[in-house]
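Here is a brief report on the fold. It starts with the whole chain and then turns to the sheet.

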Amino acid sequence: MKDSSLWEQIKGHDKTVNLLRGVIDKKRLTHAYLFCGPRGVGKAKTAATFAAAINCDQACGTCVSCRGIQNLTHPDFHYISPEGTQTILLSQVTDLIKKIHLTKQNNGYRVIIIDDAHKMLPVAANALLKVLEEPPERVVFILVASDMNNVLSTISSRCQRVNFSALKVEVVRDILINDLKISKDKADLAVMLSGGMVGEAMEIASSGLLKVRKTMVDAIVAEKPDTARSVELASLLVAAAKKRTAKIKKDQEIEVKEAMSFVEGSRGAATIKRNLETRHHRERARVEHRCYQQALVLVASIYRDLLVLKENADEKFIANVDLSFELKSAKIERAQLTSALANIDEAKQRIEQNVNPLLAFENLFFTLEAVV
Ligand SMILES: [Zn+2]
């Protein structure tokens, strides 16, 4: 990590960053913020940086407080996110409230991040509402949400709203190439396929999904159905997601080691470790789930490209431009393409409902082959 402030690492949100830095500089903290904007643009990262800045003006990233917030060992910092991938439960919020009252406060502020706050169950939201109505002293809540339709208005009206907009394509490219060290070609493709969302683009570029694309296109344009190929494709997609989470697990293990070296031997070290591991587990589940959704985005992109080509639209409008030769050889009717897209949407719903992903993909490819 660089020595400079953590703020420097946030890209494409200069106005928002200036606003938040101003809050810290002028000491105008309020008790609750709601960070809202599209998914995967860096809201959670900004929230973590703001949390660090609340207790270290510079958000230096290297002091005990900043590092404690980054690796969740700070006694006055709490982070909650949806259980599994679905919802934030009442028990998570009541546990949190207990912790706020129990933890001994050091000199600074207690900071709470509620990630994906739009996934809070109504009962959980109502429990939180009570705290927001009568906030304890020196506590700051940062709610992060990408779907404002699912945030209770009673909650949002008690928070200071901080808006995030979609990142410009050039910014996403810059993050992928310079921060994540992804090759230019891969980055371009990932940006195109993600619709400009950095989180998505990052997932696409680092999951190995791009490698499966060629096999997928070959299968789709092939004229004869092939069950074995469908099964293989499904397992390739699942393997790509598993590989991605295995990589993340390695990074997380390092994080746990680092965090433990800070708190070793102290009271509560075991709890800190357990909390960190629970969070890591959730993170992995989330990434895996996202990979599956991304895989479906990729499958859909191929059919969409085929539709574009069918309309004789310019090749530059297709996403899988590097595979245009293969795509052009497809002999699939328009009606079949639209029905394939509907099947992909259905698979998306099934994955959302936590159906076994391998089964969902196998099913999808069987259906797609039958359609063609
Ligand atoms: Zn610091």
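## Overall build

Contacts between residues 24 or more positions apart make up 75% of the protein's contacts with a separation of 6 or more. Two residues are in contact if their C-beta atoms, placed from the backbone, lie within 7 Å. This is a predicted model: local features need pLDDT of at least 70, side-chain atom pairs count only at pLDDT 80 or more, and totals for chains, interfaces and linings use all residues. Numbering starts from 1 along each chain as its sequence is written.

The C-alpha trace spans about 70 × 40 × 35 Å along its principal axes. Of the 372 residues, 39% are buried. Buried means that 20 or more other C-beta atoms lie within 10 Å of the residue's own; exposed means 12 or fewer, and partly exposed is in between, with C-beta atoms placed from the backbone.

## Secondary structure and sheet order

The protein has 15 helices and 5 strands. Both are DSSP runs numbered from the N terminus: helices are H or I with at least four residues, strands are E with at least two.

The 5 strands form an open sheet in the order β2-β3-β4-β1-β5, with parallel pairing. At its edges are β2 (77-80) and β5 (160-163), each pairing on one side only. Strands pair if DSSP finds at least two bridges between them. From one strand to the next, the twist averages 15°. Axes are lines fitted to C-alpha atoms, for helices over the stretch in contact; angles run from 0 to 180 degrees between N-to-C directions.

## Around strand β4

Strand β4 (residues 139-145) is mostly covered, with 6 of its 7 residues buried. Strand β3 (residues 110-114) runs parallel to β4 and is joined to it by 5 bridges. Ile112 has Phe141 of β4 as its bridge partner. β1 also pairs with β4 in the parallel sense, over 5 bridges. Here Ala32 stands opposite Phe141.

## The β1-β5 side

Strand β1 (residues 32-36) pairs with β5 in the parallel sense over 4 bridges. Leu34 stands opposite Arg161 of β5.
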